[in-house]
Amino acid sequence: QSIPFFLAFIGLEFAVSWVQKRKLAGRINDGISSLSLGILSRLPDVLFRSIDLISYIYVWNNHRLFELPWDSPWTWYLTLLGVDFAYYCFHRISHEVNILWAAHQVHHSSEDYNLFTALRQSVLQKYTSWIFNLPMALFIPPSVFAVHLQFNLLYQFWIHTEVVTKLGPLEWILNTPSHHRVHHGRNPYCIDKNYGGTLIIWDRIFGTFEAEDAKVVYGLTHPVNSFDPIMLQLRPLVHIWNMFWATPGFCNKLSVIFKGPGWGPGKPRLGLPEEIPVITGKEVPFNPCVPAYLNCYAVVHFAIIMDLYTGLLGTVTMLSQGTILLRIGFIILSLTSFGLLMENRQDKNHNILEIIRCLVFVAVYKLGHLRSQFSSLGYAYEV
């Protein structure tokens, strides 16, 4: 239900950016990459129920110590603080433990900073974040928790923008676009700062707050230079796997997994700050030259996939397991193909992949396994 609002605010951001700076707030290739990663991160929810709520309800039903009244305002205030503090703890650990960073880094891989970036999420992150919410299940009703869990995530959408500057006294309490821009920066002063979700008070309390100062350069300290959503999800895990086997000593191998992403034998737990690459201000985002017709092609075909994806979410309870798996497989194939097209590399295998994808689409569409929400567009889609 939030998807139309996300798209509307993205359009508004583009309009405001054009009025302010006479330029758009993002790029087609990076925007498609972010939306692809967002879709990919939600596909497991089509097959499985939310582990956040399932685990929470289990603890509530079997181990709760007492029950706070769901209709008391104080229960809601306490839950707001509890959910946000749990998010701060998980978010901070995700930056400081390598195996968790391997999932979370997906969100930081964009070299743009806009509302598209907010939707750039990891497939794997949700399978560890749920643990941090379980203490609240000992006394806070699941209905109240569920509302605040969604509120916390939705709040964080709007702070991924450059069109909002400072918000005065609110900067002392709330996480704002200015604070979160720092969090997404790869400048040395930005690294491992401003972990808050809705509130910035936890960073101020625990010493991880940093105000926006020098111009922020976004992305990872070592850019990935790819728009392939599968590669963006899996490459960090491959890196950890290779480091694990290349590092001598059992304790060192465990450190590869559980210490910081900058750790190495003989280094502090979080690595050496002086090894963070210096920012010169002349960094250029990964932006391969792509013909205008290819950009148009990618946008049109991505819109079709968005239609099929939202249609899948709306009809999943009426579909067979086989049809659901077929649609998910086709969506993943499509997102991968779009990412490779946007990279426009010399290797032309991505063109062959796209031809195969189109043939598969026509076949499964004719057989009725894929259906648009707009039946009048069926023939146009086949064309």
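Trainee: Which helix gives the most to the lining of the largest pocket?

Mentor: Helix H8, residues 142-158, gives the most, with 8 residues. Keep in mind that this is a predicted model. The largest pocket has a volume of about 1,700 Å³. It is lined by 50 residues, and those closest to its centre are Ser41, Arg42, Asp45, Gln150 and Leu153.

Trainee: What classes of residue make up the lining of the largest pocket?

Mentor: The lining has 26 nonpolar, 20 polar and 4 charged residues.

Trainee: How many cavities does a search of the whole structure find?

Mentor: Start with the general idea. Rolling a probe the size of a water molecule over the atoms shows where empty space is left. In this structure, the search finds 1 cavity of 30 Å³ or more. The volume of the largest cavity is about 90 Å³. Its lining consists of 13 residues, and Ser109, Glu111, Asn225, Ser226 and Phe227 lie nearest the centre. By class, that lining has 5 nonpolar, 4 polar and 4 charged residues.

Trainee: Where does UniProt place the feature "domain: Fatty acid hydroxylase"?

Mentor: An unreviewed UniProt entry places it at residues 77-208.

Trainee: Is His91 buried or exposed?

Mentor: The relative accessible area decides this, and buried means under 20%. His91 has 2% relative accessibility, so it counts as buried. It lies in helix H4, residues 73-96. Its side chain is joined to that of His183 by a polar contact of 2.9 Å.

Trainee: Where is Thr208 found?

Mentor: Thr208 is in the loop between helix H10 (201-206) and helix H11 (229-246). Thr208 is buried because its relative accessible area is 6%. A polar contact of 3.0 Å joins the side chain of Thr208 to that of Tyr88.

Trainee: Which residues does UniProt list for "transmembrane region"?

Mentor: The unreviewed entry lists residues 292-312 and 324-342. A listing like this comes from a record, and the model can be read alongside it. Over residues 292-312 the chain is 100% helix and 0% strand, with the end C-alpha atoms 30 Å apart. Residues 324-342 are also 100% helix and 0% strand, and there the end C-alpha atoms are 27 Å apart.

Trainee: How many disulfides does a search of the whole structure find?

Mentor: The search finds 0 disulfides. Take Cys358 as a case: the nearest cysteine sulfur, that of Cys296, is 16 Å away.

Trainee: Why does Cys358 count as partly exposed?

Mentor: Partly exposed is the class between buried, under 20%, and exposed, over 50%. Cys358 is at 25% relative accessibility, so it falls in that class. Cys89, at 23% relative accessibility, counts as partly exposed too.

Trainee: Where does Phe6 lie?

Mentor: Phe6 lies in helix H1, residues 3-21. With a relative accessible area of 16%, Phe6 is buried. Phe6 and Tyr293 are 287 residues apart along the chain, and their C-alpha atoms are separated by 26 Å.

Note on methods:
Residues are numbered from 1 along each chain as its sequence is written. This is a predicted model: local features need pLDDT of at least 70, side-chain atom pairs count only at pLDDT 80 or more; totals for chains, interfaces and linings use all residues. Side-chain values use heavy atoms; hydrogens and water are left out. On a 1 Å grid over the protein atoms alone, a cavity is a set of points where a 1.4 Å probe fits but cannot get out, and a pocket is an open set with protein on both sides within 12 Å along at least five of seven lines; lining residues have an atom within 4 Å of a point. Grid points are joined across faces, edges and corners, and a volume is the space filled by probe spheres set on the points. Ala, Val, Leu, Ile, Met, Phe, Trp, Tyr, Cys and Pro count as nonpolar, Asp, Glu, Lys and Arg as charged, and the others, Gly among them, as polar. UniProt positions are given in the numbering used here, feature names are shortened, and annotations may be inferred rather than shown by experiment. Helices (H or I, at least four residues) and strands (E, at least two) are DSSP runs, numbered from the N terminus. A disulfide is a pair of cysteine sulfur atoms within 2.5 Å. Buried means under 20% relative accessible area, exposed over 50%, partly exposed in between (1.4 Å probe, protein chains only). A polar contact is a pair of N or O atoms within 3.5 Å; within protein, one must be able to donate a hydrogen and the other to accept it, and residues adjacent in sequence count only if both atoms are side-chain atoms.
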